[in-house]
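Below are my notes, in the order I looked things up.

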Amino acid sequence: MSLVFIVGERVLCYHGPLIYEAKVLKSEVWDESNTKTAVVGPHFFVHYKGWKQTWDEWVPVQRLLKYNEANVALQKALMSQASAAASSSTGASKGKSTSGATGTAGTGTGRARKDGRGMKRGREEDESSRRPEMKLTVPEVLKVQLVDDWEAVTKNNQLVSLPRKPNVLEILQEFKDYVIKMACLSRTHSLRDPELILPTIISGLQVYFDRSLGANLLYRFERPQYAEIRKTYVTGPKVIVGQEKDMSAIYGAEHLLRMLVSLPQMIASSTMDAESVGLVKDYVNELLVFLVHERNRLFLSEYESSSLQYQNISRS
């Protein structure tokens, strides 16, 4: 099978809503027997120009673009849109600040202190107020699911059976197919440019999940299970180098839902502009609706009971 991109090639690669210059370091074709992420097909290991090597990653062919005039123009257009949105937000805040300072100049109540004390706090508050908020509409049935999930793990000493089927990667792919199908059937759908934007949204959600699971999405009682899963699929002596699995290929809807309701806090600490946050919000709200429709199939009806030995380990 001939690959579209070759090792050493200069390319453009989607990362989040923007496009960055990168270089292909390795290429592989993954099938069911050797896929690292449960996604099959051509994959490329890329290094982003100007980024640390810790950001090097395997990406599917769908995230890569040829480095040519048309795609560079697309890259610049996306960058310009992001910069314009950020500048617009900054300009509005500055205008408001300037107006307030002018109105209070005579009394001195709005004057900055000459020694600079208090200015850092003011800048931090100003930056925080400019960050776009992401408000999700979580359906009641999913709120109940979250409560049941919490009680099963923290009160009943139960665990989600792993690996899950379908896993997070498969659920996101199903959601992608669902949105594309709905877009084809209805011209009045509310999601913006799904065929263009959806692959980036799906990729971003997967990255968020894989990077946040161990740090933010687990209850303490689940950590021994997580350690064992990593030993089995990532770090253990029986794991073949290059065939490690992402956690999105192991965990399922239960932990995906935990991540989705945590997204507003994650986004608040990011540098995403208002337009990008709005796009993510719209698609995540639609994903929540999809989870409601498919909840009987996607969520476990019963969690597995843990052994006494496991319970003792979790308390140590």
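Ground rules before going on. Residues are numbered from 1 along each chain as its sequence is written, and side-chain values use heavy atoms, with hydrogens and water left out. The model is predicted, so I keep to a pLDDT of at least 70 for local features and 80 or more for side-chain atom pairs, while totals for chains, interfaces and linings use all residues.

**Confidence**

I checked pLDDT, the predictor's confidence in each residue on a scale from 0 to 100. The chain averages 81, and 80% of the residues score at least 70.

**Whole chain**

I counted 39% of the 316 residues as buried, meaning under 20% relative accessible area; exposed is over 50%, and partly exposed is in between (1.4 Å probe, protein chains only). The accessible surface comes to about 18,400 Å², with 53% of that on carbon and sulfur atoms. That area is Shrake-Rupley with a 1.4 Å probe. Of the contacts between residues at least 6 apart in sequence, 71% join residues at least 24 apart.

**Cores**

Next I looked for nonpolar cores, that is, sets of buried Ala, Val, Leu, Ile, Met, Phe, Trp, Tyr and Cys residues joined through side-chain atoms within 4.5 Å. In soluble globular proteins, nonpolar side chains tend to be buried together. The largest core here has 53 residues, and Leu205, Tyr251, Leu260 and Leu291 have the most contacts inside it. Helices α3 (140-154), α4 (168-185), α5 (194-217), α6 (223-235), α7 (253-268) and α8 (274-293) each put in at least two residues. Which of them gives the most? It's α8, with 10 residues. Another core, of 10 residues, lies apart from that one, and includes Ala22, Val46, Tyr48 and Val59.

Leaving out residues up to four places away in sequence, Tyr251 touches Leu162, Arg164, Asn167, Val168, Phe209, Leu213, Leu218, Tyr226 and Ile229.

Most residues other than glycine have a negative phi, and most peptide bonds are trans. I noted some departures. The bond from Leu162 to Pro163 is cis, with omega near 0°, and a cis bond also joins Lys165 and Pro166, with omega about 0°. Pro163 lies in the loop between β6 (158-159) and α4, and Pro166 lies in the loop between β6 and α4 too. Asn157 has a positive phi, near 55°, and sits in the loop between α3 and β6.

**Rings**

For aromatic pairs I took rings of Phe, Tyr and Trp (its six-membered ring) with centres within 6.5 Å; planes under 30 degrees apart are stacked, over 60 edge-to-face, the rest tilted. That gives 9 pairs. Why is Trp51 with Trp55 edge-to-face? Their planes are at 80°, with centres 5.3 Å apart. Trp51 is partly exposed at 23% relative accessibility, and Trp55 is partly exposed at 32%. Phe221 and Tyr310 are edge-to-face too, with centres 5.2 Å apart and planes at 75°. This pair links distant parts of the chain, 89 residues apart: Phe221 in the loop between α5 and α6, Tyr310 in helix α10 (residues 308-315). Phe221 and Tyr310 are both buried. Tyr20, Tyr48, Trp51 and Trp55 form one cluster.

I also looked for charges over rings (NZ of Lys or CZ of Arg within 6 Å of the ring centre and within 35 degrees of the ring normal). Arg10 has its charged end over the ring of Tyr67, 3.8 Å from the centre. Lys26 lies over the face of Phe45, at 4.7 Å from the ring centre.

**Lys281**

Last stop: Lys281, in helix α8. Buried or partly exposed? Lys281 is partly exposed, at 28% relative accessible area. Not counting residues up to four places away in sequence, Lys281 touches Met134, Lys135 and Leu136. The C-alpha atoms of Lys281 and Thr137 are separated by 9.3 Å, with the two residues 144 apart along the chain.

Note on methods:
Contact means heavy atoms within 4.5 Å. Helices (H or I, at least four residues) and strands (E, at least two) are DSSP runs, numbered from the N terminus.
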